[in-house]
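The stops below can be taken in order.

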Amino acid sequence: MLDLKLIREQPDYVKQQLARFAVEPALVDQVLAFDEARRQQLRKVEDLKAQRNAVSKAISKMAPGPEREAQIAAMRAVGAEIAALDKDVAAIEEGQRNAMLELRNLPHPDVPDGADDSANPVIYQEGEERTLSFAAQPHWELAEQLGMIHFEQGVKLAGSRFYVLRGLGARLQRATIQWLLDLHLRQGYTEVYTPFVVKEQVLWASGQLPKFRDNLYRDEESGLWLVPTAEVPLTSLYSDDILNADQLPIYHVAYTPCFRKEQLSAGRDVRGIKRGHQFDKVEMYMFETPERSYAALEKLRSDAEECARLLGLPFRTKLLCTGDIGFGSAKTYDIEVWAPGQGEWLEVSSCSNVEAFQARRANLRYRPEPGAKPEFLHTLNGSGLGLPRTIIAIMENYQQADGSILVPEVLRPYMGGVEVIR
RNA sequence: GGGGAGGUCGCAUAGUGGCCUAGUGCGGCGGUUUGCUAAACCGCUACAGGGGCAACCCUGUCGAGGGUUCGAAUCCCUCCCUCCCCGCCA
């Protein structure tokens, strides 16, 4: 959610920034109209309430009689008026909130204009788009030959875009998760294990709703939704709280499965495990002061890059342009690893500073100084890393001419010392 | 699933229709006093919204939402959560 005060005070600036995303300026005017109407009605109803409070108090001290009855009758009328105005105000506030929830975050000055992902500049790269000395196989062939992934069984259990990991395939994923978590602990994050289902409000807070409604699984009976990323529960960990400045920063890391319907990308990436309805991810999440949040974004990015580096995967980092950056984000880096079997760069991490966008939605504040007014804090999120794609890159980069796969050195202790999958 | 007890200010508690502008204690902050510390004493002690240049004033919030009433922490309804007892069970 954007700062209402900013919209009120600099509507033209807000419109101009939103125009970079082809957001209609009328949406901003709509918010302003609601705001004006709200204050107008509020003034009326609050005056009436003050009057009623004062007269009611006077009534309590009056002796029974016609004068008292007259005042009670008068207040009965005022009460009816208040009820009508209260209803009015509530409707206006709901309209305003709904309009506010539809507005995306404003971009950081660094964010370049661009139509789509092809306009994201590469700002850093380690390793290259290498080819192997033999004909590289895509991961779905390698994994099936080695018995690491069973695609048909996944379909049998849950339909298309589900798969079963087996043997060293399952173990490789578990080892990678474990290693990633341990790495992030060393980098200064506190591990968190959250529910994998959440209330609807939690999805509004992180900004998945309203935009991704069709991409989320939910249970009608309980009203609970399956998380599409750990970012969702992590955002609301401290919602409605007021944190003390000395508690900040808070850095969390969480492993969760992620559930996405992927209806929006039906037909894309149907082979292999690149895009499934269920996948695992290790996610980093930061709660920071506004002054430090951009320094924290650089740490987040560097911590995510370290994952790819230590796994020995060629990677590059892009700065997302206006055409590709997420709804809530002010600035986002994507980290991609090279997959020589498929011959493409795979996005394995997306590191974003959403500034106060989620904090406002989650009512998440901190007190800068003892006794000072609470302020919204900044939150950041970044994958570290997304599992299936990391596994794809490991399999495709570490494949041998004979179809076996070397286990990256850092993972071997987590694989019971297994060095080669064959 | 059944039965019972609860949810009040950071914590603990008081409050069964108007004396609540939510009291008291603890903790916390500031001050007085003081060689230093402590004690004692005094004051402050939430969040949101609206009005005003400002001092300040007003509105709302006692788990949430409705209702009754001139007036609700207090009465009624629904829901959520916590604790205890019983039953059932991966």
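Predicted model: local features only at pLDDT ≥ 70, side-chain atom pairs only at ≥ 80, totals over all residues.

Residues are numbered from 1 along each chain as its sequence is written, and side-chain values use heavy atoms, without hydrogens and water.

Select residues 25-61, helix H3, and then 66-102, helix H4 (helices are DSSP runs of H or I, at least four residues; strands are runs of E, at least two). The axes of H3 and H4, lines fitted to C-alpha atoms over the stretch in contact, come within 8 Å and cross at roughly 155°. H3 and H4 are therefore roughly antiparallel (angles over 145 degrees, on a scale from 0 to 180 between N-to-C directions). The residues of their contact divide into 17 nonpolar, seven polar and 10 charged.

H4 gives the largest share, four residues. Select the lining, including Met 1, Arg 38, Glu 93, Arg 360 and Phe 376. By class, the lining has five nonpolar, one polar and six charged residues (Asp, Glu, Lys and Arg count as charged).

Finally, select strands E5 (197-199) and E6 (218-219), the edge strands of an open sheet with the order E5-E7-E6 and antiparallel pairing. Two bridges join E6 to E7, residues 224-226 (pairing takes at least two DSSP bridges). Pick Arg 218: the bridge partner in E7 is Trp 225.

Technical notes:
Chains lettered and ligands numbered in written order. 1 Å grid on protein atoms, 1.4 Å probe; cavity = no way out; pocket = protein on both sides within 12 Å on 5 of 7 lines; lining within 4 Å. Parallel < 35°, antiparallel > 145°, perpendicular 65-115°, else oblique.
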